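I opened the notebook to record a few local features of one chain. The entries follow the order in which I looked things up.

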Amino acid sequence: MALHKDVSFLASLLVLGLMFLHVSAEIDQDRDIINPKPCTRECGNFSYAICPRSEGSPRTPICTTCCAGYKGCKYYNANGTFICEGQSDPRKPNEHCPKECDRKIAYSKCPRSEGPTKIIPTKCTTCCTGYKGCYYYGKDNKFVCEGQSNEPKVCTQQCDPKVAYMTCPPESTKLTRVCVNCCTAKPGCKLYGHDGSLICIGGVKPH
């Protein structure tokens, strides 16, 4: 009877120990997400990076094919009709894709729309400081890695016609006839529509 109690006690301790390790691992993982580890200072030796972006328009069509188009990007004709999704992985380009332009394709829509598709890394770019979704290549044109850092958001300078006025701290004075949008608004500034409803708050990501 005493042996059975000892075994049960040891089993309980083992279960508690495993639970503690699991919780500790989750806490460490959450800490890494909230406070990501800083990138080291050594430099990479990249030649260029490919970042699949939206390209072209009905008036300025691009020259590509469904085969050469990037995976994750969708391709459309000048009338906006969906043609295909890209089949090429930037890390392993398909050398058998035809070189001719598919004249049915006018433009593409990619998950990451702004900025150049081909980037020449500047200064001291590494795999850690490179942008997520961008594929980096060495001097020998071979794929090295995918970037690990979030890309800074580029704001357009266009005025949002939905904005009637805004208020900014600390005075919260009502400002009208302003050329602003949710991206260019300073942190804490509130943008309101013509019906008085809140559109967004500067520096706060929409849900």
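I began with the side chain of asparagine 181, one polar atom of which lies 2.9 Å from the backbone oxygen of glutamine 158. I took a polar contact to be a pair of N or O atoms within 3.5 Å, where, within protein, one must be able to donate a hydrogen and the other to accept it, and where residues adjacent in sequence count only if both atoms are side-chain atoms. The side chain of asparagine 181 also reaches the backbone nitrogen of threonine 184, at 2.8 Å.

I noted that this is a predicted model, in which local features need pLDDT of at least 70 and side-chain atom pairs count only at pLDDT 80 or more, while totals for chains, interfaces and linings use all residues. Residues are numbered from 1 along each chain as its sequence is written, and side-chain values use heavy atoms, with hydrogens and water left out.

Next I asked which residues asparagine 181 is in contact with, leaving aside its neighbours within four places in sequence. With contact meaning heavy atoms within 4.5 Å, I listed Thr156, Gln157, Gln158, Asp160 and Leu191. Asparagine 181 counts as buried because its relative accessibility is 9%; the classes are buried under 20% relative accessible area, exposed over 50%, and partly exposed in between, for a 1.4 Å probe and protein chains only.

I placed asparagine 181 in the loop between S9 and S10, where strands (E, at least two residues) and helices (H or I, at least four) are DSSP runs numbered from the N terminus. Arginine 177 is found in the loop between S9 and strand S10 (190–192), and I recorded it as exposed because its relative accessible area is 85%. The phi of arginine 177 is near 55 degrees, a positive value in a residue other than glycine.

I then looked up asparagine 141, in the loop between strand S6 (135–138) and strand S7 (143–146), and found its phi near 70 degrees, a positive value in a residue other than glycine.

For proline 170, in the loop between strand S8 (165–168) and strand S9 (173–176), I recorded that the peptide bond from proline 169 is cis, with omega near 5 degrees.

Last, I turned to serine 57, in the loop between strand S1 (46–50) and strand S2 (74–76), which counts as partly exposed because its relative accessibility is 22%. Its side chain makes a polar contact of 2.7 Å with the side chain of threonine 60. Leaving aside neighbours within four places in sequence, I found serine 57 in contact with Ala106 and Tyr107.
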